[in-house]
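This briefing is for a reader new to the structure below.

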Amino acid sequence: MTLEGESADPDILSTGLDDYAISGEAGGDEVAGSDDPFFVSKKAAAVFKHKLLKTYFPKFAGKTASTEADKRLAYVDTHAGRGAYDDGTAGSPLLVAQDVAGLRQSRQIDCFFIEAKKSNYERLTQVLANNMPAEARWHVRHGRASDHLREAVDFAGNAPLFMFIDPYGLGPTFDEVVAVLNRPREGHGSKTEVLLNFIAMAFSRAGGYLRLTDPTPQQTTTLEHLDAVLGGDWWHDIYLSSDTTATAVAEIAKGYADRINKKTGCAWTLMPVRDRAHKQPIYRLVHFTRHPDGLWEIREAAAQAGAAWRKYCSPPPASDEGSLFTLEDPFPAEEEARQAGWIDAIEHNARELLARRGEIVLPRDAHEVFGPETFGQAWLKHLRQALVRLFKEGILEPKPLARELSKYRGHAVQPDSLRRSKAVEVLPPQV
Ligand SMILES: C[S@@+](CC[C@H](N)C(=O)[O-])C[C@H]1O[C@@H](n2cnc3c(N)ncnc32)[C@H](O)[C@@H]1O
């Protein structure tokens, strides 16, 4: 185990705190005893991203390191936070520390954490010291992400690298993200992925500065920072010509992902996270990978995270102690109906695809089979149940098995009933 820190710089967050203010994340409830409101009550919004990380990262570790001789991979958390919330709920560093421990027989997961706020950094090192296995290799840096990215990439070396970029506000520049994704690596495949939190609020608020005729020097600096983060000023026109900030931010998020794709060849998946109170996403996660398995697994993980998030957003009705009746929780029945609808929709799509093309090949046909209504919502369980219906009907072969579904190749067969009716057609006319 290694633990290294750097001297405290009291001004280190002067820019970061500006991002923090424009991100809208600073509005957490103040609770006595905590010095960071984010880590007291903002954990609600984190349910999606943490479930996503918890589901996806072990898949990344399993697949990418399986062909590495030393079974080593690296996890980098550029905006690591305190490690855990003040009530003990795991933040991203603690979630990954649990994976380091849980997978240590088969994988060596080396970790690199960066945190700019001194009190968070101190708490983080304590949480990690308490939870990392003794033999684990991990470093914590106190400072700005941008100042430690190069070191973090060097730390990964030739091992597969998964980087989580989760700022309150604007995060690393476009060029820095491109440099990470394009890092040179000896060995087969790039094995470099980034999961980035593209917090809408930061862009929508700061974007509003574009409309000011006389922005303050601070606002001008923030706009320049936005240009650097987004890779140029291409987003200004989009912002100024959009009817609403929400449509502008949605287009800017896609434009950003497309631009990263052009510079790196990485495919992207954008995951908007909405709650019941807001129609617009409260934040968006974007994932970059070069591998089809990465695309498949992040979609699966997003669907699982969506389920956890819906459940979190629909707590059971509070029981009234004075009341004779307990209120029934409508959520389980709602969720069951929702998921049954997904299976029907996938069955419909798969049936049409089979009739049209005579085959279903995964992951190639994932978009068509899930369709816009269930892509990123339904997961393997629903896909399999839908395909099994077609198999049982006798129109799809072979049987879809859960463990091989991501590479499934099914072809159309004529059902017995059709075969029989064809046989009748060729009988000689009866006289
Ligand atoms: C959204 S929180 C991180 C949450 C954490 N990733 C998790 O999932 O539990 C963002 C963190 O980034 C830190 N931060 C802000 N600006 C930073 C910068 N430029 N470099 C590194 N960390 C920064 C903040 O102090 C805060 O702890």
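The model is predicted: local features need pLDDT of at least 70, side-chain atom pairs count only at pLDDT 80 or more, and totals for chains, interfaces and linings use all residues. Residues are numbered from 1 along each chain as its sequence is written, and side-chain values use heavy atoms, with hydrogens and water left out.

**Ligand surroundings**

- The ligand is surrounded by 22 residues, counted when one of their heavy atoms lies within 4 Å of it.
- The closest are His50, Ser92, Glu115, Ala145 and Asp166.
- By class, the shell holds eight nonpolar, eight polar and six charged residues; Ala, Val, Leu, Ile, Met, Phe, Trp, Tyr, Cys and Pro count as nonpolar, Asp, Glu, Lys and Arg as charged, and the others, Gly among them, as polar.
- Helices α2 (38–41) and α3 (46–65) each supply at least two residues of this shell; helices are DSSP runs of H or I with at least four residues, and strands are runs of E with at least two, numbered from the N terminus.

**Polar atoms at the ligand**

- An N or O atom in the side chain of Glu115 is 2.6 Å from a ligand oxygen atom.
- For Asn120, a polar side-chain atom lies 3.0 Å from an oxygen atom of the ligand.
- A ligand nitrogen atom lies 3.1 Å from a backbone N or O atom of His79.

**Sheet**

- Three strands form an open sheet in the order β8-β10-β9, with antiparallel pairing; strands pair if DSSP finds at least two bridges between them.
- The edge strands, β8 (359–361) and β9 (396–397), each pair on one side only.
- β8 and β10 (residues 409–412) run antiparallel and are joined by three bridges.
- Val361 stands opposite Arg409 in β10.

Notes
A polar contact is a pair of N or O atoms within 3.5 Å; within protein, one must be able to donate a hydrogen and the other to accept it, and residues adjacent in sequence count only if both atoms are side-chain atoms.
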